Amino acid sequence: MRISGCYTPLELSQLGPQVQVVSSFTSVLIEPSLRRVLLCGDVADNLGFTQYGSIAEYALGPASAAPHIVGTLLLIRVEDWLRPELKAAEAGSVDHSWVRQRLLSGVEETISQVTALASRGKRVWFVPCPSSGWIAGKHKLGTLCRTYTNLLTARVESIPGVNILKWPGDLLQGEVDDSGTDRLGQIPYTKDAFDQLGGIIGAGMSRTLLRETPPSQNSDGTASPELAAYLAGLKVHVELTSVSPGDRNQVDRLLRVPASFTLTGERNDLADAEVDALMDSGTCMLIDVSDRLASYGPSGVVHFTVDGDAIAVKSMSLSCAVLGKQVEYAAVSALAGLADERGLSKLVFEYTPAGRNQPTRAFLQSIASEQSERVYVLPVQSAKSRLRAAAAAADAWTATCQQNSTEGAVR
Amino acid sequence: MSLPEVYEAVSPVARQVLAIPEFSSSISMNTTPSWDSLNHVRLLSAVEKKFGIEIDANEAFKLTTAERLVQYVQAALSRESRG
């Protein structure tokens, strides 16, 4: 099982048929039972997973049209759209008009993504998941979320080529919702519930294949203009700010937890003294992210040193919630601006291969020159053009960099 | 509860979630392959249910060793009994 975007061309050519599971929440627990049913039904050999903010990049980009992709299973729970803003909000403090606006935006975004997916000539299955989780419960938004789930489902029904699979609530035995794992890790259901869901949804998917003839391929597999337009409209803004003592917990979390976009890999073994040293270094910065839809707060961390005429980036991590928005491009452009201000000629990235951080290497390979397996160099003078060339939507972000008392705006 | 008592209470939960034969102070995310990020969330949630406590989401990422987890639970239970 691999998160999308990590395959080499050789690996791609060797992949068996794959269904991509795209979900607004953590859904990997569905893998064993779903894969078993799809394998038995001769639907697919493998499953891939795309989660949270990376949905748009998958749906609108070329990955969804890759030859080995048989189809896409969408598991969407509308309350997840509210999470960035509401996870820290006090119960009873929510502005319902804001919630309605946010949910309507989410419906519109999802419809454009599902429409794009349906145009790829691949199967699309859509499961509207009930918003009975931690966010909806805490803020008493169950009824409102149900309304927008129904709206979303009705809109998806009108998209040709999409199979809607009803949520099998009445078939699920035992405890289904798990508000504890939902609060701690955006995992909405118990393991048993996921096991059952995989079997039931997989069977539903197989039945649709028996009924229908395959959709005709009408996409050349690039699909980049839609993604570029989406990203341009997102208006992503990234701000790098020097850490202050009150940021220690954030820095600690952002160094330890991110798994797919991180130079150093997951650092569960990070010692408190190492975090203290980074905090005191003067060159550790938080990456604050916002876009048109939400403010995600501190969503990444970068630590660098100045070595000769280079900024040496020792660690850089981004949380999963902001992946798929070109935040990494914005952050690197801010660092390049900082280097330029200081009269430095290059950025040097030190990459450590780890279990799941291949997407980080893929990003570095797309923007920088590989000096060795672990060292990537990006000249400051060509940073802007290289970032523009590699990004799906060039210049679709703004980035500012505030280091201590020095402010700098970069574009 | 004393630390050994908390260990004894957490142990069956941890053994079930992580599918390990033994839960002791030597167990950590680094040393236990089944203790991945997914099972970390499931373990913490199961501990919350077992003891009727709520683990602060901002602290959850630090509880990646048996020792830290058990100490956290002990402190949480102490606070509850005083409060």
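Residues are numbered from 1 along each chain as its sequence is written, and chains are lettered from A and ligands numbered from 1 in the order in which they are written. Because the model is predicted, local features need a pLDDT of at least 70 and side-chain atom pairs count only at pLDDT 80 or more, whereas totals for chains, interfaces and linings use all residues, and side-chain values use heavy atoms, with hydrogens and water left out.

The mean pLDDT (the predictor's confidence in each residue, from 0 to 100) of chain A is 90, and 91% of the residues score at least 70. Over residues 1-6 of chain A the pLDDT is below 50, and this stretch has 16 contacts (heavy atoms within 4.5 Å) beyond near neighbours in sequence. Residues 405-411 of chain A likewise stay under 50, with 17 contacts beyond four places in sequence. Where pLDDT is low, the predicted coordinates should not be read in detail.

The rings of Trp167(A) and Tyr189(A) form a tilted pair, because their planes stand at 40 degrees, with the centres 5.2 Å apart. Trp167(A) lies in the loop between β6 (162-164) and α8 (179-185) of chain A, and Tyr189(A) in the loop between α8 and α9 (191-211), so the pair ties together parts that are 22 residues apart in sequence; helices (H or I, at least four residues) and strands (E, at least two) are DSSP runs, numbered from the N terminus. Both residues are buried (under 20% relative accessible area, with exposed over 50% and partly exposed in between; 1.4 Å probe, protein chains only), Trp167(A) at 15% and Tyr189(A) at 2%. An edge-to-face pair is formed by Tyr329(A) and Phe363(A), at 5.0 Å centre to centre and 85 degrees between the planes. This pair links helix α13 (residues 327-341) with helix α14 (residues 358-367) of chain A, its members being 34 residues apart. Ring pairs also join Phe25(A), Trp167(A), Tyr189(A) and Phe194(A) into a cluster.

In chain B, helix α2 (residues 37-51) has 15 residues and reaches 21 Å from its first C-alpha to its last, close to the expected 21 Å (1.5 Å times one less than its number of residues). Eleven of the 15 residues of α2(B) are buried, among them Leu38(B), Val41(B) and Phe51(B). Gly52(B), with a positive phi near 65 degrees, follows α2(B).

Technical notes
Phe/Tyr/Trp six-rings, centres within 6.5 Å; stacked < 30°, edge-to-face > 60°.
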